[in-house]
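Have a go at each one before you read the solution.

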Amino acid sequence: RREPLRLANPDDLPEQLPPGKVKLLAFVLVFFLWVGGWGALDQVVEVLSHDNKLVSMLLYTLIAGCGGIGLKIIARRYRGYALLDEIREMEEATVQQH
């Protein structure tokens with residue numbers, strides 16, 4: 001019988017996958033998902049910007065800003081997850097330096 005999943009932290013996920021071909025296939029599929037998502041986002045920016053480089057840069061900056069703000073929000077809400085705790089600690093250290 002297998003132990004129950006313990007996914008309190010993102011670093012635990014690779015340990016929960018069976019070794020060998022299944023783990024390799026999972027990582028390949030996640031990579032495909034990431035590449036496809038990035039390609040789709042790229043196409044949306046291209047369509048919206050009409051090949052204007054300034055508009056493209058502004059759209060990518062807006063996307064990055066939304067990601068950063070979103071991470072800050074969830075880092076404050078969900079404590080106990082290693083990656084989110086690190087983001088929150090970086091933000092707190094930046095605030096203390098100013």
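A contact here means heavy atoms within 4.5 Å. This is a predicted model, where local features need pLDDT of at least 70, side-chain atom pairs count only at pLDDT 80 or more, and totals for chains, interfaces and linings use all residues. Residues are numbered from 1 along each chain as its sequence is written, and side-chain values use heavy atoms, with hydrogens and water left out.

**Exercise 1.** Work out which pattern the protein chain follows along the sequence.

Solution. Start with the elements, which are DSSP runs numbered from the N terminus: helices are H or I with at least four residues, strands are E with at least two. The protein chain has four helices and zero strands, and reading along the sequence gives α-α-α-α. Next, look at the contacts with a separation of 6 or more: residues 24 or more positions apart account for 17% of them in the protein chain. Finally, of the 98 residues, 10% count as buried (under 20% relative accessible area; exposed is over 50%, partly exposed in between, with a 1.4 Å probe and protein chains only).

**Exercise 2.** Check the span of H2 against its number of residues.

Solution. The expected span is 1.5 Å times one less than the number of residues. For the 29 residues of H2 that comes to 42 Å, and the end C-alpha atoms are 42 Å apart, so the two agree.

**Exercise 3.** Describe how H2 and H3 pack.

Solution. Two packed helices are described by the angle between their axes and the distance between the axes. Axes are lines fitted to C-alpha atoms, for helices over the stretch in contact, and angles run from 0 to 180 degrees between N-to-C directions. H2 (residues 21-49) and H3 (residues 53-77) pack at about 135 degrees, with axes 9 Å apart. That makes H2 oblique to H3 (under 35 degrees is roughly parallel, over 145 roughly antiparallel, 65 to 115 roughly perpendicular, and the rest oblique). Now for the residues: from H2 come Trp38, Leu41, Asp42, Val45, Leu48 and Ser49, and they meet Val55, Ser56, Leu59, Tyr60 and Ile63 of H3. Zoom in on serine 56 in H3: with a relative accessible area of 17%, serine 56 is buried. Leaving out residues up to four places away in sequence, serine 56 touches Val45 and Ser49.

**Exercise 4.** Which phi values do histidine 50 and aspartate 51 have?

Solution. Most residues other than glycine have a negative phi. Histidine 50, though not a glycine, has a positive phi of about 50 degrees. Aspartate 51 has a positive phi too, near 65 degrees. Where are they? Histidine 50 is in the loop between H2 and H3, and aspartate 51 lies in the loop between H2 and H3 as well. Histidine 50 counts as exposed at 68% relative accessibility, and aspartate 51 is exposed at 63%.
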